[in-house]
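Take a moment to look over the picture below. Then follow the text through it, one part at a time.

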Amino acid sequence: MLRYVTIKLSYAMVTLFAVMLLVFMLARVIPGDPAQLMLGDQASQSAIDSLRERLGLDQPLYLQFLDFLTGLAQGDWGTSLYTREPVLNSILEVLPYTLELTAASLLFGAVVGIPFGIWAALHRNRFIDYATRIGSLLGLSFPAFVSGIMLLLVFGIWLGWFPVLSTARGGSFEDRLLSLALPTVNLGILMAAYIARMTRSSMLAVLGEDYVQTARAKGVARHLIIRRHALRNAIIPVVTVIGLYVGILIGNSVLTEIVFNRPGIGKLIVGSMNQRDYPMLQGLMVLYTLLVILVNLATDLVYGLLDPRVKYQ
Amino acid sequence: MGNTNSLIGMSVFLLIVIAALLAPIFATHDPVQQNILFRLQGPSAEHWMGTDAVGRDIYSRILYGARISLIIGLVSVGLAMIVGTAMGVLAGYYGGKIDQLVTQITDVLLAFPSLILGLMIVAILGPTMPNLIIAIALTTVPQFARVARAPTLSLRERDFIQAGRALGYSDLRIMYRHVLPNIFPEVLVMGSLWLATAIRVEASLAFIGLGVRPPTPTWGGMIRDGFKNILDSPWLAIFPSLAILILVFALNMLGDGLRDTVDPRLKGEK
């Protein structure tokens, strides 16, 4: 197990390093001098030069990259061009909202997707199977902002069941829960669709295995076969899928946050894009990469725990 | 079910392609012609899907908007398919250092959510059609590399490939004439599924404000504008939303059905 963890960890480190290099290079491709951008059009040449020196922009690129990495490791992610606040602070301030939304929709996806997947697999080629397959295909087809607008229109505006304006910040616990509901469903639709499809096909594969047939031949009760023999094995690939799609989930949270006007990383990213706040964008890219790599690593580890065969590969 | 699905998906997709190609014939109005006297009107006999905030005809704009979605989607996925498949086949065929390099590159690209990567690239390069195509293609390349690599790895060991080698065929010839035709069905299935994703990503970028610049109508951009009037004129956002949903759903049906046909073992997996 230790060896498995070490290998996975070293892969993650290589990927992380490569992405950092990519982020660093991308930030250097941006047209315009960062010092000029920070000081504005009116700045004198000497002021720009001194800021360039202070930022280390007169150093060779590999030294700048080294500085960039050291800064990241020490928690110095740069300063926002717009708010003049440290980038890391601004990110950490809104990160909980995005994580809260992501976790809730992951839960929604699992709670809806797994039972439907099992149900469909147990009734292969019957109505519920077709319905689940078409329904999940439809779920995969919704751009997150389209489903968001439809949910907002129907349940927020026409029916009035949920608040149109988010009260994610402040408000009572119930208010917060109520305003989390629609965004969660919106982001969870895609997840539920993926999970249902994966559970179904994984369940079908397991139900055809010899040991399930043997259990059936021995006369083990149907619900016991499903719970003890089939589901336990079928759930392994589902876990990997959940891990793989957390990245997509984080991407879609951007659109969900815009539609439902929730604070979070997504709103921050769009805001800093409009203000051409490059240090902030760079920091957000680092954050996304860290999140995705961490989730992938966690998935690999959980996979190793769930399925003892994996670590010997 | 696979065949019916792909048939329905294909028909709807072709209908949309025809509608986009013949937009000048089917459109009832000029898609960029503003008419402030008729702004924010609901659906009527004159304007089938209503008018937007500056009086442009929504129905005609949706027809023309389909062109942008389809061009960006098809070109970017086509590009990604060529580059990604080439990368995957090379990696799988040669193995060793090349394989490691390709796998590492795909892992790095896959570490980004495609929407975020696309967003960053377009934000930096600027929202023009070529840049959008590059951004979406770049996020899709690793998917094709992955799909092409795995079967190439196992094909490499097969007798007919070994025989080709023994006959002194060049590597290029073996890859092009013998490996590629064998993996092509899978690559094509991926193509239709990722076309759906590419169109979704393009619309999402346009919704965020990173689409092809106005006045060119794009579905995502129309929804973005419509969202501002969601309380009093919901049709502004509803009709283009339905258009995207129908196109993406059709492509997913097509890809899903094709996959069942290509590989019955995977029935309904994703």
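**Two chains of helices**

From the N terminus on, the elements of chain B run α-α-α-α-α-α-α-α-α-α. That makes ten helices and zero strands. Both words have cut-offs: helices (H or I, at least four residues) and strands (E, at least two) are DSSP runs, numbered from the N terminus.

This is a predicted model, in which local features need pLDDT of at least 70, side-chain atom pairs count only at pLDDT 80 or more, and totals for chains, interfaces and linings use all residues. Residues are numbered from 1 along each chain as its sequence is written, chains are lettered from A and ligands numbered from 1 in the order in which they are written, and side-chain values use heavy atoms, with hydrogens and water left out.

Stay with chain B. Its C-alpha trace spans about 75 × 40 × 30 Å along the principal axes. How many of its 270 residues count as buried? The share is 56%. Buried means under 20% relative accessible area, exposed means over 50%, and partly exposed lies in between (1.4 Å probe, protein chains only).

Next comes the surface. Chain B exposes about 11,500 Å². Carbon and sulfur atoms supply 66% of that area. Such areas come from the Shrake-Rupley method with a 1.4 Å probe; for residues, only the protein chains shown count as cover.

Now look at the contacts, where contact means heavy atoms within 4.5 Å. Take the contacts in chain B with a separation of 6 or more. Residues 24 or more positions apart account for 71% of them.

Charges come next. Chain B carries 20 positive and 17 negative side chains. The centres of the two sets lie 5 Å apart. Lys and Arg count as positive, Asp and Glu as negative; His and the chain ends are not counted. The place of a charge is NZ of Lys, CZ of Arg, CG of Asp or CD of Glu.

**A loop in chain B**

Find the loop between helix H2 (23–26) and helix H3 (58–94) of chain B; B:Gln33 lies there. Leaving aside neighbours within four places in sequence, B:Gln33 is in contact with B:Gly55 and B:Arg56. B:Pro215 is 182 residues away from B:Gln33 along the chain, yet their C-alpha atoms are separated by 9.5 Å.

B:Thr51 also lies in the loop between H2 and H3 of chain B. Is B:Thr51 buried or exposed? B:Thr51 counts as buried, because its relative accessible area is 0%.

**Over to chain A**

Chain A has twelve helices and zero strands. Its C-alpha atoms fill a box of roughly 85 × 55 × 30 Å, taken along the principal axes. Of its 313 residues, 47% are buried. The accessible surface comes to about 15,400 Å², and 63% of it belongs to carbon and sulfur atoms. Chain A has 24 positive and 19 negative side chains, with the centres of the two sets 18 Å apart.

Chain A is divided into domain 1 (16–73) and domain 2 (87–312). Domain bounds come from an automatic or database domain assignment. The centres of domain 1 and domain 2 of chain A, taken over C-alpha atoms, are 37 Å apart. Eleven residues from domain 1 and seven residues from domain 2 of chain A take part in the contact. Together the two domains of chain A bury about 850 Å², 86% of it on carbon and sulfur atoms. Buried area is the accessible area (1.4 Å probe) that two parts lose on being put together, summed over both.

Start in the loop between helix H4 (61–73) and helix H5 (87–122) of chain A, where A:Arg84 lies. Its phi is near 65°, a positive value in a residue other than glycine. A:Arg84 counts as exposed because its relative accessibility is 51%.

Move on to A:Asn125, in the loop between H5 and helix H6 (127–141) of chain A. Phi of A:Asn125 is near 60°, again a positive value in a residue other than glycine. With a relative accessible area of 42%, A:Asn125 is partly exposed.

End at A:Gly266, in helix H11 (residues 265–274) of chain A. A:Gly266 is buried, with a relative accessible area of 0%. Leaving aside neighbours within four places in sequence, A:Gly266 is in contact with A:Thr98, A:Val254 and A:Glu257.
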